[in-house]
Amino acid sequence: MQLNGYWFEPRSSARHVATLEVGAEVFSLLTEGIKTKSGLLAELSFSDRIGNTPRRVLFTDGSVFETQDNDLVDEMQAMCGTEHFLSKYVHILESQWRWVLASVVCLVLLGYFVASVVFPWAGRELAYVVPAKVNESISSGGMYLLDQQLFETSDLGKNKKGELKQTFAALLKTLPDSEFDYRLYFRKMEGEANAFSLPAGEIILTDELVGLAENREQIQAILLHEIGHIHHRHVLQQIIRSSLISVVISMATSDLSALEDLVVVLPVFLLESSYSQANENEADDFMYEQMRNLQMNPIHFANILSLITQDESDIDGTALKYFSSHPETTQRIEGAIRKSKEFLGVGGVF
Ligand SMILES: [Zn+2]
C-alpha cells in the first residue's frame with residue numbers, strides 16, 4: 001500500500017513531498033524519493049477521521065505525515081489494530097448535519113467561555129504559584145530559542161553597553177525589593193526597535209531601540225515598562241494560557257505531540273501574539289508609579305513611543321513589533337502626555 005502526502009519534520013512547519021509505503025508490519029517513508037525513515041507499523045499513531053480533512057500519521061520522533069488518502073489510512077489503522085471507535089463515530093455523525101451544527105454551536109460557546117474567562121483566570125492564578133525554578137527554565141529555554149530564531153549578536157560598543165547597564169543598575173536600586181533577578185541583555189534584530197521581557201527577569205533591548213532613544217530617560221521608561229510586565233508575570237500568564245490551549249487541542253485531537261516542550265510557544269507569542277490591553281495598562285501603571293517615585297517626567301515615554309511609531313514609516317511599513325505588540329499606541333502616547341501635564345502641574349485635562 002502506498003500513501004502520498006507531505007512530511008513535516010519535528011517542530012517545523014517546513015513540508016516535504018513524501019510517500020508512505022506500508023507493508024505487512026512495517027513502513028518506510030520516502031521524501032523526495034529518498035528513504036527517510038522506516039519502522040514497525042505498531043509504532044505509528046493516527047489522527048481521527050473527520051470529514052475530508054487530511055489525516056495525520058504521527059511518528060515516534062514527533063514528525064508527521066499528512067495525507068488526503070483517508071480510506072488508505074483507515075485500512076492502515078485496521079492493519080495496526082488501532083482503529084479508533086471515536087473515529088468511526090465522528091464519521092457517521094458527519095453525515096447528520098443537525099447534530100454537527102448543534103455540536104459546533106455548543107463547542108464554540110464553550111470554547112469562547114473557556115478562552116475568555118477560564119483560561120485568563122487560570123493563567124493569572126497559576127502564574128503566581130509557579131515555582132521560581134520553572135521561571136528560570138522557561139526563561140533560559142526561551143532565550144535560547146530567541147537567539148536561534150530572532151536575535152543576532154548586538155553591535156553596540158562596550159562603552160554604550162556599560163552606560164546602559166549602569167542606567168539599569170541605578171534604576172533597579174530605586175525599585176522596591178523584588179523576588180525577580182532583573183538582568184539586561186542586548187541583541188540585534190534587523191529593523192526592529194523592540195524590547196522583550198522573559199519571566200525570570202531578563203529584559204532584552206534591541207540595538208535598533210537603543211539607537212532610536214534620544215536620552216537616558218526614554219530608555220528608563222522602556223525598562224520600567226518591561227519590568228512592569230515581569231513584575232505582574234504577564235509572559236508567564238500568556239504562556240500558561242497558550243499551554244492550556246495546546247493541552248485542550250492535544251486532548252481533543254489525541255495529538256499528544258503538541259504537549260512536548262511547551263516553551264516552544266514563547267517565540268511565537270513574542271513575535272506574533274500580543275499582551276492583552278489589560279496587561280499593557282498594568283505595565284504602564286507600574287512604570288508611571290515608579291516614574292512618580294523618581295520624579296521623572298512621563299513625557300519621555302510619550303517621546304520614545306512616538307519615535308518608534310515614526311520609525312515604522314521610515315522603514316517602509318516593515319512591522320515593528322514593539323509597536324504592534326503594544327497596541328493602541330496613539331492612545332498611550334496621549335495618556336503619557338496627560339500624565340506629563342499632571343506631573344508639571346499644568347492640569348489633568350488634555
Ligand atoms: Zn508592553
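Helices (H or I, at least four residues) and strands (E, at least two) are DSSP runs, numbered from the N terminus. On that basis the protein has 13 helices and eleven strands. This is a predicted model: local features need pLDDT of at least 70, side-chain atom pairs count only at pLDDT 80 or more, and totals for chains, interfaces and linings use all residues. Residues are numbered from 1 along each chain as its sequence is written.

**Overall figures**

- Of the 350 residues in the protein, 31% are buried. A residue is buried if 20 or more other C-beta atoms lie within 10 Å of its own, exposed if 12 or fewer, and partly exposed in between, with C-beta atoms placed from the backbone.
- Among contacts with a separation of 6 or more, 60% join residues 24 or more positions apart. Two residues are in contact if their C-beta atoms, placed from the backbone, lie within 7 Å.

**The seven-stranded sheet**

- Seven strands form an open sheet with antiparallel pairing, in the order S4-S3-S2-S1-S7-S6-S5. Two strands pair if DSSP finds at least two bridges between them.
- The edge strands are S4 (34-40) and S5 (45-46), each pairing on one side only.
- S1 (residues 2-8) and S2 (residues 15-22) are antiparallel and share seven bridges. Here asparagine 4 stands opposite threonine 19 in S2.
- S1 and S2 form a hairpin, with six residues between them. Arginine 11 in that turn has a positive phi of about 55°.
- S2 also pairs with S3 (residues 26-31), antiparallel, over five bridges. Threonine 19 has leucine 30 as its bridge partner in S3. The hairpin from S2 to S3 runs through three residues.
- S3 and S4 run antiparallel, joined by six bridges. Leucine 29 has lysine 37 as its bridge partner in S4.
- Helix H1 (residues 70-80) lies across S1, S2, S5, S6 (55-58) and S7 (64-67). H1 runs at about 35° to S6. For such angles, axes are lines fitted to C-alpha atoms, for helices over the stretch in contact, and angles run from 0 to 180 degrees between N-to-C directions.

**The four-stranded sheet**

- A further open sheet has four strands in the order S8-S9-S11-S10, with mixed pairing.
- S8 (152-153) and S10 (195-197) stand at the edges with a single partner strand each, so one side of each has no neighbour in the sheet.
- H7 packs on this sheet and touches S10 and S11 (202-206). The direction of H7 makes about 30° with that of S10.
- Two bridges join S8 to S9 (residues 183-188), and these strands run antiparallel. Threonine 153 has arginine 187 as its bridge partner in S9.
- S9 and S11 pair in the parallel sense over five bridges. Phenylalanine 186 stands opposite leucine 205 in S11.
- S10 and S11 pair in the antiparallel sense over three bridges. Leucine 205 in S11 is also the bridge partner of alanine 195.
- The hairpin of S10 and S11 has four residues between the strands. Glycine 201 in the turn has a positive phi of about 120°.
- Five of the five residues of S11 are buried, so S11 is largely enclosed by the rest of the structure. Glu202, Ile204 and Thr206 lie on one side, and Ile203 and Leu205 on the other.

**H7 against H10**

- H7 (residues 216-231) and H10 (residues 277-294) pack at an angle of about 125°, with their axes 8 Å apart.
- That makes H7 oblique to H10. Angles under 35 degrees count as roughly parallel, over 145 as roughly antiparallel, 65 to 115 as roughly perpendicular and the rest as oblique.
- From H7, the contact includes Ala221, Leu224 and His225. From H10, residues including Phe286, Met287 and Met291 take part.

**Positive phi in two loops**

- Most residues other than glycine have a negative phi.
- Arginine 233 has a positive phi, near 55°. Arginine 233 sits in the loop between H7 and H8 (234-253). Arginine 233 is buried, with 21 other C-beta atoms within 10 Å.
- Glutamine 295 also has a positive phi, near 55°. Glutamine 295 lies in the loop between H10 and H11 (299-314). Glutamine 295 counts as exposed, with 7 C-beta neighbours inside 10 Å.
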